[in-house]
Amino acid sequence: MDNKVAIVTGAGRGIGLGIANKLAKELDMNIVIVDVDEVSMADAVNQIKSIGKEAIAVKCDVSKAADVQSMVAKAFEFGEVDLVVNNAGITRDSMLLKMSEADYDLVLNINLKGIFFICQAVCGRWVSAAKKLAEAAAPAPAGPDAKEVKMEPSFYPKKRIVNISSIVAKGGNIGQANYTASKAGVIAMTKTIAKEMARYNINANCIQPGFIKTPMTDKMPEKVIAKFVAEIPLQRMGLPEDIAGAVKFLSSKDSDYVTGITIEVAGGLNM
Ligand code: CAA
C-alpha cells in the first residue's frame, strides 16, 4: 500500500466522518476509522472504500490506555501513519450545580485524557523511528557517554497531529463546565506537544469548531440552538465539511511551517 495513513477518531459519524472522507478523497490517504460504534464504523469504512481508498475499522475507547495501545499497533501494521486527527469527543451537559462527578470524569477522560494517550502512543513510535533514521545516517560514537544523534527537524519525515477542540473553550458555555474544561485543555496540551515534538518534525495544531450540525448538536434544546444561530455572523450552523476543510489544510504540505496554533471554524461566532 503506497498511500499514507491517517488515524481519525470518532470517525463513525459527524465531524469525524466528514474529515475521513475529505482526507481520503482530496489528500489520497488511507484511513483508520476509530470509534466505539461498530455499525457506524462499518458504514464509514464502506464510504472510504467506495472512493477507492483503503480503510480499516478499529474499535477503541480512547479513554482506556490498553485500547489505545492496541489500536495504534493495528494502525501502524496497516501502513505508514503520517497523521492523527483526534476528533472523538462527547458531551454530558448539565448546570454546574447539578453536574455529577461521574459526568465530569467521563467527559475529561474521553475528550482530554484520550488525546493524551493517543499522542503519547503515536509520538512514541514516530520518535523511535526518527531516532533510528538519525542513527543510521550518522552513527553515534559508542561508549558510556554516547549521546542521541541530533538532526535538524527537516531531516525527519513530516508527521502531523490535528486535535479538535471547540469554540466554547474560548468563552465558556452554559451547561458545559466539564466539556469546556476538556476542550480548553486540548488547546494547551497541543501547544505543549508542538513544542516538545518540533525537533522531530512533528506538527501539532488545533481546530475550534463552532456549532456544527451533527448528532451531538442535534441533542441541544431548540431554543438554545436558535440563540446561537442568531449570534453567528454567517447565519447558519456549520457542516462537518467546513471542519474537514481546515483539517485538510493542517494535514497537507501547505501547513508544513504551521505548528502550535488553533484555527477557529465557527462562522464568525465570537463566544
Ligand atoms: N443561554 C442563556 N440561558 C440559558 C442557556 C443559554 N445557553 N442555557 C440554559 N439557560 C437558562 C435557561 O433558559 C433556564 O433559565 P430559567 O431558569 O430562567 O428558565 C436556566 O438556564 C436553566 O436551564 P434549563 O431549564 O435548560 O436547565 P436544565 O437543567 O433542564 O438543562 C442544560 C440544562 C442541560 C445545560 C440545557 O440547558 C442544555 O442542554 N443546554 C445546551 C448546552 C449547550 O449549549 N451544549 C452545546 C452542545 S454542542 C457542543 O458541545 C459542540 C461544540 O463543541 C460547540
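**A tour along strand 6**

Gln208 stands opposite Glu264, a residue of strand 7. Keep in mind that this is a predicted model.

Now widen the selection to residues 262-265, which form strand 7. Strand 7 and strand 6 run parallel, and four bridges join them.

Next, select residues 202-209. This is strand 6, and eight of its eight residues are buried. Show the side chains. In a regular strand, side chains alternate between the two faces of the sheet. Colour one side of strand 6 first: Ile202, Ala204, Cys206 and Gln208, all buried. Then colour the other: Asn203, Asn205, Ile207 and Pro209, buried as well. Both faces of strand 6 are covered.

Go on to residues 159-164, strand 5. Strand 5 pairs with strand 6 in the parallel sense, over six bridges. Pick out Asn163 here; Cys206 of strand 6 stands opposite.

Zoom out to the whole chain. Switch to a cartoon view: there are nine helices and seven strands. The radius of gyration is 19 Å, close to the 18 Å that the globule rule gives for 271 residues, so the chain is as compact as a globular protein of that length. Along the principal axes, the C-alpha atoms fill a box of roughly 65 × 40 × 35 Å.

Colour by burial next. Buried residues make up 50% of the 271 residues.

Last, select the charged side chains. There are 32 positive and 30 negative ones, and the centres of the two sets lie 3 Å apart.

Note on methods:
Residues numbered from 1 in each chain as written. Predicted model: local features only at pLDDT ≥ 70, side-chain atom pairs only at ≥ 80, totals over all residues. Heavy atoms only, no water. Helix = DSSP H or I, 4+ residues; strand = E, 2+ residues; numbered from the N terminus. Rg over C-alpha atoms; globule rule 2.2 N^0.38 Å. Buried < 20%, exposed > 50% of the residue type's maximum accessible area, 1.4 Å probe, protein only. Lys, Arg positive; Asp, Glu negative; His and termini not counted. Charge placed at Lys NZ, Arg CZ, Asp CG, Glu CD. Pairing = 2+ DSSP bridges.
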